Amino acid sequence: MSISATRLLNQLQKTALDAVFPPGCINCAEPIDTAGNLCAQCWPDMTYISAPFCETCGFPFEYNAGNGLVCGACLKQPPAYTRARAVLKYDTASRDMVLGYKHADQTNRAPAFANWMYRAGEKLLRDCDIICPVPLHHRRLIQRRFNQSALLACELSKLSGKPAIPDLIIRKRPTRSQGGLSAKARLRNVQGVFEINPARRELPENARIVLVDDVLTTGATVNSCSKTLLSAGAANVDVLTFSRVVRATNTAI
Ligand SMILES: [Zn+2]
Ligand SMILES: [Zn+2]
């Protein structure tokens, strides 16, 4: 079959599927024309993160004071990762969409989230050798049945052509959920809990890694994972998340 005939068939199948399951807004499920999008009501409610932002952690600045600026928090305590980027701000508008994906089995949002992440992290993905997710402990994986970050990593692998290793990092022990913990408690909670999967010892020397998660809160988890990857021989680690908490404490300097 020629390529155009295959494309036509795919389009017909998509149209037939859309007729049975009309695409819905990925936030409120209101019917819309194209799948994997937000409706006209939800779109303007979200806060998309764009330049200017901290060169290191991606914290958005209110005004552009020059290129390559680093926020106060990163200057005071540089993270183990090189760069972190996110698509949108985690706030009251995006919270249900993000938590629905994390906890409510709405895994059908993964391709749409990954499409946005691909755009926000294009440079990071271009510069990397391997994509890997923040892991869940296997007990939580059984409860939840999927690792939401691993799904995003696999979708990003399809989009970028870079290999994803979903079980590159593992959790040695279960940890309390980071939700509701202070920044200090979050740091303690994830200290020393990650290790390279013994079955994946072949992590290439000097590999450049993109670490994927759904939400960046204080950065304690991705920082701990980054340290694990760096001590296993990674050249550098960049972090790509769908959303991130934006607190006023990272003021620009
Ligand atoms: Zn909507
Ligand atoms: Zn920063």
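This is a predicted model: local features need pLDDT of at least 70, side-chain atom pairs count only at pLDDT 80 or more; totals for chains, interfaces and linings use all residues.
Figure 1. Residues are numbered from 1 along each chain as its sequence is written, chains are lettered from A and ligands numbered from 1 in the order in which they are written, and side-chain values use heavy atoms, with hydrogens and water left out. The SG atoms of Cys-25, Cys-28, Cys-39 and Cys-42 coordinate the zinc ion (ligand 1) at 2.3 Å. Donors are N, O and S atoms within 2.8 Å of the metal (3.2 Å for Na, K and Ca); water is not among the atoms, so sites may look incomplete. The site of the zinc ion (ligand 1) is tetrahedral, with angles of 104 to 115° among its four donor atoms; four donors count as tetrahedral if all angles lie between 85 and 135 degrees. Along the chain, the donors of the zinc ion (ligand 1) have the spacing C-x2-C-x10-C-x2-C. Cys-25 and Cys-42, 17 residues apart, both lie in the loop between helix H1 (3-20) and helix H2 (72-76). Helices (H or I, at least four residues) and strands (E, at least two) are DSSP runs, numbered from the N terminus.

**Figure 2. The site of the zinc ion (ligand 2).** Cys-54, Cys-57, Cys-71 and Cys-74 donate their SG atoms, which lie 2.3 to 2.4 Å from the zinc ion (ligand 2). This site is tetrahedral, with angles of 105 to 114° among the four donor atoms. For four tetrahedral donors the ideal angle is 109.5 degrees. The donor residues of the zinc ion (ligand 2) are spaced C-x2-C-x13-C-x2-C in sequence. Cys-54 in the loop between H1 and H2 is linked with Cys-74 in helix H2, 20 residues apart. Cys-54 counts as buried because its relative accessible area is 0%, and Cys-74 because its relative accessibility is 8%.

Figure 3. Four strands form an open sheet in the order S1-S6-S5-S2, with parallel pairing. Strand S1 (83-89) and strand S2 (130-133) are the edge strands, each pairing on one side only. From one strand to the next the twist averages 20°. Strand S5 (residues 208-216) and strand S6 (residues 236-244) pair over eight bridges; two strands pair if DSSP finds at least two bridges between them. Leu-211 has Val-239 in S6 as its bridge partner. Helix H7 (residues 148-160) lies across S2, S5 and S6, at about 130° to S5. Axes are lines fitted to C-alpha atoms, for helices over the stretch in contact, and angles run from 0 to 180 degrees between N-to-C directions.

Figure 4. In helix H8 (residues 183-190), the buried residues are Ala-185, Arg-186, Asn-189 and Val-190. Seen down the axis of H8, these buried residues fall within an arc of 120°, so they line one face of the helix; the arc is that of the directions from the helix axis to the C-beta atoms. The face turned away carries the exposed residues Ala-183, Lys-184 and Arg-188. The buried residues of H8 pack against strand S4 (194-196) and H9. Ser-224, in helix H9 (residues 220-231), is buried because its relative accessibility is 12%. Not counting residues up to four places away in sequence, Ser-224 touches Val-190, Gln-191, Gly-192 and Phe-194; contact means heavy atoms within 4.5 Å.

Conventions: Four donors count as tetrahedral if all angles lie between 85 and 135 degrees; four count as square planar and six as octahedral if opposite donors are over 155 degrees apart and all others between 65 and 115; anything else is irregular. Buried means under 20% relative accessible area, exposed over 50%, partly exposed in between (1.4 Å probe, protein chains only).
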